[in-house]
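Here are some exercises to work through with the model open. Try each task before you read its solution.

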Amino acid sequence: MTARFYVTTPIYYVNGAPHIGHAYTSIAADVVARFHRLSGHDVFFLTGTDEHGQKVEQAAQAADVAPKEFVDAISANFRDMADAMAISYDDFIRTTEPRHIKSAQALWQKVADSGAIYLGAYEGWYALRDECFYSEDELVAGPDGTKRAPTGAPVEWVKEPSYFFRLSDYQDKLLELYETHPEFLGPNSANRELVSFVKQGLRDLSVSRTSFKWGIPVPGDDAHVMYVWFDALANYLSALDYPDTDAPRAAFWPANLHLVGKDIARFHAVYWPAFLMAAGLEVPRKVFANGWWTVEGEKMSKSLGNVIDPRDLVQEFGLDAVRFFLLREVPFGGDSDLSRKSLIMRNNVELANDLGNLCQRTLSLVARNCDGIVPERRELTEEDSKLLGQVAVLPNLMASQIERCALTDALEDVWKVIRAGNAYIDHQAPWALRKTDVERMKDVLRVLLDTLRGIATVLQPFMPQSMDRMLTQLGVEAAERSFAALDVILPAGRTLPAPQGIFPRYVEQAPE
RNA sequence: GGCGGCGUAGCUCAGUGGUAGAGCAGGGGAAUCAUAAUCCCUUGGUCGGAGGUUCAAAUCCUUCCGCCGCUACCA
């Protein structure tokens, strides 16, 4: 049976334009999805947008458009960003779609039937003017000493009827989950924080609101709409046509990996498994939280005006250079800084000099000295076997890295082989062999072609467009690009196209 | 306040008991097939401070200093 793999990004909240952080999570998920496809697995890769809530309702009102019209535009913008970043999603779900509403309500009903939902009251400081609740520590003292909202609006303590989820019943079950499945939440730092959070004790969770209307009606009580997490998290099931367990996609549950930003790790690793347990469903295999990006050392913020649209970077540096940079720069899971200098450095040193140039020098030697025809694979020397051996283990080596979301380490493994390839070509010096031993020169070039093929194959998930071009230049047909295909060496005699640079060096324009 | 993380070469980081590592940057050399890219050699660290356990500690314990995260209804 073919292994199934279900990977998700968060559904992005449509209260603003997509930025580099959204692209980052999506690219990471895309790499995982593409890697599993190349491994021959049956992959379902989901992304989408989260479109309900009071903030959206208010933003639409402020823009003087209907909420639906408002979210249509922003959702389309997120989808455009995903397409621009070559995110190979199999489905793009929107929480305003009927299929999602139906699913979320079914999930609610299932959880309610289990007795895990009850009607209570949500209490808090409410500002009528802002139509919004504030927490105690957000409040400021007004001029007359009374409590005020940060906006200056007067607040009052109010009770609003609300449905609650019995989260407190799940503390022990959750702790057991973390203990028996230490890989459930990554990276480790997030895991430790979470365990200590849950150990502090869990309170029941308010899961509905009556203070706004832009949401999914609670089954059986139209006065309420579902509050954020119950609505949003359900997307991972609604895309599988839950509760229709006969649907073809239903077999993808439980999800293998939810990739999320670290701000929402808790919701995915505490609330979500608790909801699922209450509904009698399996919990996801893994949740992994990635860090934040700063820009030139500073936090991204609208007020600083340094929010980066990933599409602008792609315009200037090319898609694959950006994808590569984001995953290469800093261990996946931690925070990272995006600077012009480091982006250009990675592009020039690792893509242009190390990989691009290795490919270019090999292909031009083949073009010039072998009439552009792939030579035979013949007897291998010790050096030949050593290099090819390093290439051969890459798919398995990277699979174990990707299993634990160590995307940066997976790239480092490939770069070790690329550096070894550059050392090999220098030591073998096929340009010298041309004059002394033409047959050996051909053997060396053949080893290099096979090495590059292996490298380009395993890098496809990270840089799909460039590696497509590289494999074409190496004479590798579309059907010969999976990991399994690496077991069969290319037939000799193929004529290669004229070599063309894959990764140009980036030269910074003079500032004046 | 409570819980947790981090502090290792100029920079970014790896390294959880056994003679300090990688990449980049710096220095010297080789080669000239190639996008002037590459390869080889090399300088450089009392592993935040102090104390302790041990035959042996960056690695375990205590304490101090500095930075950061989490501390629930926030998308």
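**Exercise 1.** Find which residues glutamate 51 is in contact with, leaving aside its neighbours within four places in sequence.

*Solution.* Step 1: take contact as heavy atoms within 4.5 Å. In this predicted model, local features need pLDDT of at least 70, side-chain atom pairs count only at pLDDT 80 or more, and totals for chains, interfaces and linings use all residues. Side-chain values use heavy atoms, without hydrogens or water.

Step 1: list the partners of glutamate 51, which are Val14, Val56, Val71, Ser75, Arg94, Thr95, Thr96 and Trp214.

Step 2: Strands (E, at least two residues) and helices (H or I, at least four) are DSSP runs, numbered from the N terminus.

**Exercise 2.** Work out whether glutamate 51 is buried or exposed, and what its side chain makes a polar contact with.

*Solution.* Step 1: buried means under 20% relative accessible area, exposed over 50%, partly exposed in between (1.4 Å probe, protein chains only). Glutamate 51 comes in at 0%, so it's buried.

Step 1: its side chain pairs up with that of threonine 49 in a polar contact of 2.6 Å. That term covers N or O atoms within 3.5 Å; within protein, one must be able to donate a hydrogen and the other to accept it, and residues adjacent in sequence count only if both atoms are side-chain atoms.

**Exercise 3.** Pick out the buried residues of helix 14 (residues 394-403).

Technical notes: Residues are numbered from 1 along each chain as its sequence is written. Chains are lettered from A and ligands numbered from 1 in the order in which they are written.
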